[in-house]
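Visitor: I'd like to learn how to read the pockets on a protein model. Could you walk me through one?

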Amino acid sequence: MPNRMSRIIAIAVVCALYSLVAQSTAQQSSPQPILPDVQKLGPQIGTRVPDFTLLDQKGQSRTLASLTGPKGLMLVFFRSADW
């Protein structure tokens with residue numbers, strides 16, 4: 001029985017190593033994606049953003065005009081891990 005268990009463990013280790021090597025080789029051979037220029041994404045500093053209507057975390061509708069105060073508005077979009 002111990003000989004059979006040793007053989008099963010050895011096969012599992014070999015399969016795991018083969019899988020890691022195959023995955024590593026596949027990642028190295030794939031070309032790197034071209035990343036966009038983040039300086040040109042979205043509205044640029046000083047430009048006006050289009051009017052929008054979105055729901056806040058409480059489900060209430062918010063517009064650009066309803067959020068803008070006397071000193072203006074700064075929007076920060078934060079992508080959390082639980083989306």
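Predicted model: local features only at pLDDT ≥ 70, side-chain atom pairs only at ≥ 80, totals over all residues.

Visitor: Which pattern does the protein follow along the sequence?

Guide: Reading along the sequence, you get α-β-β-α. That comes to 2 helices and 2 strands.

Visitor: What share of the residues is buried?

Guide: Here "buried" means under 20% relative accessible area. By that cut-off, buried residues are 4% of the 83 in the protein. As for the accessible surface, it totals about 8500 Å², and carbon and sulfur atoms account for 63% of it.

Visitor: On to the pockets, then. What's the general idea?

Guide: You roll a probe the size of a water molecule over the atoms, and that shows where empty space is left. In this model, the largest pocket holds about 510 Å³ of space.

Visitor: Which residues lie nearest the centre of the largest pocket?

Guide: Those are T47, V49, L64, L73 and L75, out of 13 lining residues. Sorted by class, the lining has 9 nonpolar, 3 polar and 1 charged.

Visitor: And what volume does the second largest pocket have?

Guide: About 300 Å³. It's lined by 12 residues, with L54, L55, D56, Q57 and F77 closest to the centre.

Visitor: How does the lining of the second largest pocket divide by class?

Guide: Into 9 nonpolar, 1 polar and 2 charged residues.

Key. Residues numbered from 1 in each chain as written. Heavy atoms only, no water. 1 Å grid on protein atoms, 1.4 Å probe; cavity = no way out; pocket = protein on both sides within 12 Å on 5 of 7 lines; lining within 4 Å. Points joined across faces, edges and corners; volume = space filled by probe spheres on them. Nonpolar A, V, L, I, M, F, W, Y, C, P; charged D, E, K, R; others polar. Helix = DSSP H or I, 4+ residues; strand = E, 2+ residues; numbered from the N terminus. Buried < 20%, exposed > 50% of the residue type's maximum accessible area, 1.4 Å probe, protein only. Areas by Shrake-Rupley, 256 points an atom, 1.4 Å probe, with all protein chains shown as cover.
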